[in-house]
Amino acid sequence: LVDEEFDALEGFFNILEYGILVLLENVETYLLHLQRFLECKTEEFDFDMDGEKTPICYKEINTALRQWILPMFDKRMKALIYKPLCELRDLLVGPKNLIKKRLHKLLDYEMIEGKSKLSYDEQAVANAYKTINTLLLNELPRFNGLALQMIWSMLGTFSCLYRDLAADMEQLFQSFAQQLPHSSCHPKEFLEWVENAVLEGVRKLEILCQSVEETLNAPVVQPVSPSFQRRLKHLTDKHGSGKIFQVTNTVVGTRDFDLNLTKGELVAIISETDTRGDKRRWLVDAGGKKGYVPSSKLIRYHQATEDPPPSPFLPVPGNMTGFRRHSCIPDPNVLHVTSQPLFQVCAAYDFTARGNHEVTVRAGESVRILEPHDKRGNPEWSLVEARGQRGYVPSNYLIRMPVVTGTLAPPFH
């Protein structure tokens, strides 16, 4: 049976119920954040800046905020908004149960509504449905109206509380404003000072972010177990070396076709999107089992070549008189050393950077070693500086060469 009048009342009641519950959830979250803010008590920290106006004003302002203004605001919020909202939420239970009971009676009433003569039990069912339906048609509009009025009243109260909070804070800050260093500045000069301070803060933050990124993107320590090397060979032969990635953190699957992987495992990339085109989930081959892995937990596998190709420019360190001399290399037999030899580090082979944390070097190029290992202590990678750029290169791509002062005669053959 269609009852448009009741359906409209029920629909409006459902909207009110949803709005009340969402508003109550937001108020609870707001009060929780306010309580956590009050627990910080930053004014109690020692800034080691005794005698300076700025930290003194900061401590006094925060003390007044946390001990008087904000606790009073929190108390009024709970008394004038949070508690009435909780009571209004509890009042929703009665009408909601009555609406459910009406629906159950309606299902029974529809089966007997068309009969010309009703039994005693059927007449009782019809009377129960009509009574509940009439009660809701009379009382639900009043309840909806009062509930809506209470919501508007609480929102207005919240605006008043915030206005009082802003007035108290303005009065507090004005009492200290004349003591601050830039209180006498012209507004234009003050804005320039604020802009410069913000830009300086942004610059420092960018440097910090870059440092953190370099640390996080440092090459992962490479295991050398036989099973690891067998999987590496299997995946490389099947997919190519350019598709090999390593898991940076343990992966626990949360959806269908997700893989469970441990930190350090090797995988080969099959597709950099899932079936819905989401680039945050990559389809990988984990050495027999295939599935999806978050792309944020994968990093390209960095493998230093164990036996790099021979350099066309530089000899291998050792006894220089015993090596085959290239046509571009001075004959060591005609070097006349007149002072104590010094050493410089050069790139023995060409290396092309494959990420922001690596640096490209060319054979014969002089570099400066900053750290003989990566951030995790792995000696297979060295942090170097070349042409003013810093990054990692394989340690076995570097060679120490003596810088000899003396007379060369003749320099080339």
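In the predicted model, the side chains of E358 and R354 meet in a salt bridge with an N to O distance of 3.6 Å.

In helix 5, E200 and R203 are 3 residues apart, about one turn of the helix, and form a salt bridge in which the closest N and O atoms are 2.7 Å apart; E200 is partly exposed at 33% relative accessibility, as is R203 at 41%. In helix 6 (residues 226–239), K233 and D237 are separated by about one helical turn because they are 4 residues apart, and their salt bridge brings the closest N and O atoms to 2.9 Å. K233 is exposed, with a relative accessible area of 55%, and D237 likewise counts as exposed at 55%.

Helix 5, which spans residues 187–216, also contains V198, a partly exposed residue with a relative accessible area of 48%. Together with F190, L191, W193, V194 and V202, V198 makes a nonpolar surface patch of about 510 Å².

Helix 1 (residues 4–40) packs against helix 4 (residues 120–177) at an angle of about 30 degrees, with the axes 10 Å apart, so that the two helices are roughly parallel; their crossing is left-handed.

In the loop between strand 9 (381–386) and strand 10 (389–394), R387 has a positive phi near 55 degrees, and this residue counts as exposed at 52% relative accessibility.

How values were computed. Residues are numbered from 1 along each chain as its sequence is written. This is a predicted model: local features need pLDDT of at least 70, side-chain atom pairs count only at pLDDT 80 or more; totals for chains, interfaces and linings use all residues. Side-chain values use heavy atoms; hydrogens and water are left out. Patches are made of residues with over 30% relative accessible area and no salt bridge: like charges are joined within 9 Å, nonpolar side chains (Val, Leu, Ile, Met, Phe, Trp, Tyr) within 5 Å. Accessible areas come from the Shrake-Rupley method with a 1.4 Å probe; for residues, only the protein chains shown count as cover. A salt bridge is a side-chain nitrogen of Lys or Arg within 4 Å of a carboxyl oxygen of Asp or Glu. Buried means under 20% relative accessible area, exposed over 50%, partly exposed in between (1.4 Å probe, protein chains only). Axes are lines fitted to C-alpha atoms, for helices over the stretch in contact, and angles run from 0 to 180 degrees between N-to-C directions. Angles under 35 degrees count as roughly parallel, over 145 as roughly antiparallel, 65 to 115 as roughly perpendicular and the rest as oblique. A crossing is left-handed if the near helix is turned anticlockwise from the far one by less than a right angle, and right-handed if clockwise.
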